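Have a look at it, then read on.

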Amino acid sequence: MSISVLMPALSPTMTEGKLAKWHVKVGDAVKSGQVICEIETDKATMEVEAVDEGTVAQLLVAEGTEGVAVNTPICILAAEGESVSDAARTTPVAPVAAARSEAQPPASAPAPSPAPAASASAAEPEWTGKTTHITVREALRDAMAEEMRKDGNIFLMGEEVAQYHGAYKVSQGLLEEFGEKRVIDTPITEHGFTGLGVGAAFGGLKPIVEFMTFNFAMQAMDQIINSAAKTHYMSGGQMTCPIVFRGPNGAASRVAAQHSQCYASWYAHVPGLRVLAPWSAADAKGLLKAAIRDPNPVIFLENEILYGQSFDVPEDPDFILPIGKAKIERAGKDVTIVAFSIMVGKALQAAEELAKQGIDAEVINLRSLRPFDTETIVNSVKKTNRLVSVEEGWPFAGIGSELSALMMEHAFDWLDAPVKRVAGLDVPLPYAANLEKLALPQSSNIVEAAHAVCNR
Amino acid sequence: MAKPAVKPKVESLPAKSKSPPKSSGPGDNSVSAEELKSYYRSMLLIRRFEERAGQLYGMGLIGGFCHLYIGQEAVVVGMQSTISEKDAVITSYRDHGHMLACGMAPKGVMAELTGRSGGYSKGKGGSMHMFSRDKNFYGGHGIVGAQVPIGTGLAFAHKYSGGKNVSLTYFGDGSANQGQVYEAMNMAALWKLPVIYVIENNRYGMGTSVERASATTELYRHGEAFGIPGERVDGMDVLAVRAAGERAVDHARSGAGPYILEMQTYRYRGHSMSDPAKYRTKEEVDKYRNERDPIDHLRKRLIDAGLADEAALKAVDADIRKVVNDAAEFAQHSPEPDPSELWTDILIGA
């Protein structure tokens with residue numbers, strides 16, 4: 001059977017070109033890979049190689065012809081065993097149809113919220129079992145140690161995590177208990193060791209990668225987003241990346257702009273990641289255990305200032321918190337204040353102040369930024385009709401912006417006032433003590449925002 | 001079994017580094033006729049597959065970026081002959097040859113190129129992003145150099161788990177200047193990880209020649225700062241690749257740490273399909289095609305040594321052509337992914 005050679009497209013946007021030159025003539029034998037002609041577009045001149053083998057029976061387009069459409073038959077080859085004269089009588093056939101279908105209607109989208117919504121469930125019951133009063137630092141260490149005892153594939157790596165016990169002493173005692181095989185000091189090479197951790201996760205291990213602070217994870221952003229978050233999807237579900245990236249996020253104290261930044265909205269933007277931000281020691285322990293057990297890449301945003309704060313934590317080693325559930329830390333009826341990480345404490349302080357003024361605030365601790373617990377917030381707004389969002393990061397395109405949009409979509413009819421955002425000022429964080437304080441949200445700012453939405 | 005009279009050539013520059021002494025590779029008796037024929041077949045499969053992929057691209061059936069491996073076939077085929085199925089392989093986006101060499105099905109690879117549900121990534125990855133857990137092929141990575149720390153992490157996992165498996169981590173001369181490559185090499189040497197860095201030096205990172213991109217062009221010496229041994233290999237000669245590959249794999253498997261092989265090779269086609277290749281002369285390309293072609297070279301060896309005749313090789317050609325035709329047919333008729341696939345494989349258990 002004779003073979004039609006078609007005018008090729010040399011780029012996704014090429015629709016036609018000039019057939020500049022033939023390198024073969026009727027009767028020539030053609031081999032795979034042999035250059036048969038040259039074509040030109042406004043961008044380039046390129047050689048066309050034969051794929052099929054045979055003998056040239058017809059040249060259908062003359063040398064020098066302009067505007068030859070892609071997929072036009074340009075040449076007929078007689079296949080092996082076929083006579084050239086028979087093939088010369090063949091009528092060329094263009095391909096039936098372009099393979100790519102027209103744009104399809106979008107598949108039924110999930111809920112309008114861009115991040116997958118958390119599953120509905122009742123409010124978290126208060127823990128009634130025994131508790132112990134420990135710091136956030138100890139809670140994080142205990143969570144890692146308990147999970148590492150259960151699963152030999154879990155290991156911790158990062159700068160200074162082993163012999164130094166962590167730059168912020170989070171990994172106290174882990175080297176002594178688990179040895180240097182499982183508690184690994186890395187060189188100061190965030191991009192490299194993050195990629196190495198992702199490779200280890202692809203290879204079946206469950207790494208916990210500590211960043212001394214998330215500011216340094218910017219060096220590793222490509223491996224976190226392009227390699228860890230996307231590969232499960234890009235492999236059609238074949239590859240898995242069970243890894244936890246953890247470390248302090250946000251402003252510490254007087255370390256200036258390069259070391260003081262909240263990455264919550266950066267990571268929360270990315271499908272394929274889970275993003276958690278604990279406030280209390282119980283959050284830290286329950287959520288870190290959940291993060292380690294989760295089969296997906298998890299960003300775990302801690303806070304340096306909280307490390308030394310103490311909270312009651314359930315003693316039960318099976319205590320774990322669900323990913324994707326916010327917690328109502330203080331019930332109230334007049335205004336909803338939504339915060340995460342260190343700002344939960346500021347919000348609770350503000351609520352106490354507001355209570356003195358006769359405003360009963362409900363404080364929600366988000367805990368999970370992706371997935372996002374829209375339902376708990378909407379239910380609260382249905383009760384209070386007013387919402388203040390609080391975050392340490394910058395306001396533009398921040399978590400508060402997302403929260404405002406979600407309320408427009410899900411709670412518009414219940415709002416009695418526009419959502420008010422309290423956020424860090426839109427400036428690099430300054431070093432001077434007075435300026436730093438002015439740039440970061442204080443409980444007084446939250447009180448003022450609550451007054452505004454309550455028309456007080 | 002018939003033994004071929006072949007003398008593999010290992011081309012290496014006088015090493016100023018403390019690279020281990022270069023042996024001359026396996027003796028004449030170390031390669032069987034069957035092995036030689038299987039290398040011929042594997043290289044030809046890659047060549048014909050890639051030519052067909054180029055054709056389907058020209059017909060608009062393959063979209064986006066498409067980086068063909070034509071000319072470099074001896075590298076993956078030679079290296080694959082030195083490892084077992086349990087060893088890991090990872091590479092960049094010029095990956096079709098690696099997948100076929102790993103034994104992944106031509107139909108599944110071609111259908112991924114056409115973005116169909118029968119592709120290895122269900123049509124969601126495309127040319128640059130395919131994987132096979134089954135064959136221990138870990139991609140297919142689109143960001144230049146990103147696969148190098150990942151491949152090093154696979155070696156870390158091997159060592160952690162106590163096995164003897166190694167990681168073949170391929171990258172190009174273009175990646176060889178990426179910072180993360182050296183971060184990974186440092187850790188690999190520091191922790192003695194069983195990784196073989198195979199630098200496919202095809203002389204151009206997109207349109208920029210090695211000489212215009214690298215301050216030092218002896219890429220096999222780029223691990224010297226970390227004490228990683230390296231050697232330069234004629235990547236157009238499958239047996240030279242095999243001989244060097246065996247040394248490197250033995251080194252890594254023995255627990256001695258990483259090893260670098262710089263494969264001197266050449267791609268006949270452009271960087272990607274839309275590359276007019278104005279940065280090199282036609283004479284240069286023709287010289288490689290006509291004088292250094294790895295497939296022609298092996299074909300001649302087989303015939304000269306009396307291990308195969310024209311008819312036998314023609315039968316191989318015909319067989320390969322059928323495999324590739326079937327793959328192309330499958331890739332055009334496999335349905336596009338169902339719209340519901342938009343929302344799958346984002347997170348596990350979500």
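## Getting oriented

Two strands count as paired if DSSP finds at least two bridges between them. Helices (H or I, at least four residues) and strands (E, at least two) are DSSP runs, numbered from the N terminus.

This is a predicted model, where local features need pLDDT of at least 70 and side-chain atom pairs count only at pLDDT 80 or more, while totals for chains, interfaces and linings use all residues. Residues are numbered from 1 along each chain as its sequence is written, and chains are lettered from A and ligands numbered from 1 in the order in which they are written.

## A sheet in chain A

Let's start with the pairing of A:Glu38: its bridge partner in strand 5 of chain A is A:Glu47. Strand 4 (residues 35-40) and strand 5 of chain A run antiparallel to each other, joined over five bridges.

Those two belong to an open, antiparallel sheet of four strands in chain A, ordered 5-4-2-7. Strand 5 (45-49) and strand 7 (65-69) of chain A sit at the edges with a single partner strand each, so one side of each has no neighbour in the sheet.

A:Asn71, in the loop between strand 7 and strand 8 (73-78) of chain A, isn't a glycine, yet has a positive phi of about 80 degrees. A:Asn71 counts as partly exposed because it has 18 C-beta neighbours inside 10 Å (20 or more other C-beta atoms within 10 Å would be buried, 12 or fewer exposed, with C-beta atoms placed from the backbone).

There's also a cis peptide bond, from A:Arg370 to A:Pro371, with omega near 0 degrees. You'll find A:Pro371 in the loop between strand 20 (368-370) and helix 10 (374-384) of chain A.

## Two helices in chain B

Helix 4 (residues 106-113) and helix 11 (residues 310-333) of chain B pack at about 45 degrees, their axes 8 Å apart (axes are lines fitted to C-alpha atoms, for helices over the stretch in contact, and angles run from 0 to 180 degrees between N-to-C directions).

## Where the chains meet

Chain B has 55 residues in contact with 56 residues of chain A, contact being C-beta atoms, placed from the backbone, within 7 Å. Which helix of chain B gives the largest share of the side that touches chain A? That's helix 5 of chain B, with 10 residues.

Technical notes
Contact = placed C-beta atoms within 7 Å.
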